[in-house]
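Student: Could you take one part of this model and walk me through it closely? I'd like to hear about a pocket and what surrounds it.

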Amino acid sequence: MFDLQYVDILGPAAAQQPLCFGGQNMNEFGAFDEVDQETLLKVLETQATLAAVRSLLKAKGVSYSASSWSKMLATRIKPALENGSISNADLIGVIRVAEEHGNKHVRLFRYNVENLTELSDAISDTAVSAWGEANGYPMAGQYVFAAYPETPTVTEIRVGDNGSDGSFILKIARTENRRKRAVLQEIDGSEFFVAERVSYRAVDVVKIHLDGLIEVRMDPRSEPPISYSGSALAALKFLDGLVDRSLIGELSLAKAKSAFSELHKEGASSEDFELYEASLKNDWGDRILSSSQVEQGGMASSTVMPGIIELFTVGGHDPYCERVRVSYKFEGVKKINAILTEDINEIIFTAQLSREEHEGVLGAILDVNSAS
Amino acid sequence: MFGRRQQRDWELRLEKEVQKLRSASTYREVTLNRLKELVDAPSEQALSDAIFGLVSDGKLKVVYRVVSPRTRASIATFKSPLDVPETMLDESTGETIDVDRFHDVEAVYVNEAAVAQ
């Protein structure tokens, strides 16, 4: 099984291949033909959505209806792979897009506003190519399919996201492990809880926008890390030599949290957002955790919770909102769950999202944050 | 020419919050996350360095609060992180917990001699 392979995704490969990975490149392996199919399908199932796969099959003129992943794999994808209707590269193309959004802990940072010209220069095509080459990273237009890499591996660098918007993307794949439920076993007369470890592929994405916004999107760790803040800083460290990290600060979401916590009030309803949970605190050390039924329309529909929260917020001692859970209605239909956590710059998206959905909900939250 | 360096906006905001803590006539506290929101420092490192200086100079008092991993209720407060025990009774659930120092302990800045163990 070949774990790492290159493929051109945007056009002809650059003349010089990256220095790492023992010279394995698409000329030796073809366009992912040697990728172990079982591994590929496992990664596809965990990182892509059924909708994205259906979209691919539809575009290829292949039957695409399936109500579950097991049916999709057995009745649609495997036969299509066997008869050549689709290729490994097609599926890896789906993974490549899907792994960037959804089910992520997103940490937001901002580049010093007085240095945006420098930032723009630093993430230009020319500067990024030189930096990537010096570090042995994939060249522009290349993608490394690192299914379960032994060490965190930069799989893609590109300038331009969703067209030629000038933003910068860096992706790092890593292997994480989940533990299954531990089972009590007797070994040599002693009892032990034994838990099987299951590997999964995690992808962290760093995106730098030209306006100075920096997103670090992290796959959930199998067990809570010492801090996601530290994990985000580790991801940002990959930018060394490209941008000045001392000019990067956390982007506070305090105003958005405050605005969302107000949604319980009568007349403060929003067409786009519903409030389900709010945690409020004050300088006396009081903390109130409140939640309402999602199915019943959240806080705004409750006849009890708005009054309780109101009591807390008029009680003095500088009350503030430290955490909220809201849903965003994307294009008036799909509800996207978002948690703005106690940490000042973190949003957790709990569902798989398309690029459009991610950009839609993040943009809406940032609009609330800047308008408040 | 060699006068005192002019304070930046975020340093003034930090000084204001420290003053509010020090001059409060009743108990007052602020968590690190809240301080970050109020001060909006240019980087986490800059704020950490400034807070370290204030604590070292005795201008800011910090205590370490153990919160319940299940209920987030305050269980106990300690003057030093080294005093936090490895296990303790979670009085909000009645269960003994293994204290995770990275997730169940939060730094809290207070205005008076905290009721810390």
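**The second largest pocket**

Tutor: The second largest pocket has a volume of about 1000 Å³. On a 1 Å grid over the protein atoms alone, a pocket is an open set of points where a 1.4 Å probe fits, with protein on both sides within 12 Å along at least five of seven lines; the volume is the space filled by probe spheres set on those points, which are joined across faces, edges and corners. Lining it are 37 residues, and closest to the centre sit Arg110(A), Glu250(A), Leu251(A), Ser252(A) and Asp40(B); a lining residue has an atom within 4 Å of a point.

This is a predicted model, where local features need pLDDT of at least 70 and side-chain atom pairs count only at pLDDT 80 or more, while totals for chains, interfaces and linings use all residues. Numbering starts from 1 along each chain as its sequence is written, chains are lettered from A and ligands numbered from 1 in the order written, and side-chain values use heavy atoms, leaving out hydrogens and water.

Helix 9 of chain A gives the largest share, 4 residues. (Helices are DSSP runs of H or I with at least four residues, strands runs of E with at least two, numbered from the N terminus.) By class, the lining splits into 16 nonpolar, 10 polar and 11 charged residues. Here Ala, Val, Leu, Ile, Met, Phe, Trp, Tyr, Cys and Pro are nonpolar, Asp, Glu, Lys and Arg charged, and the others, Gly among them, polar.
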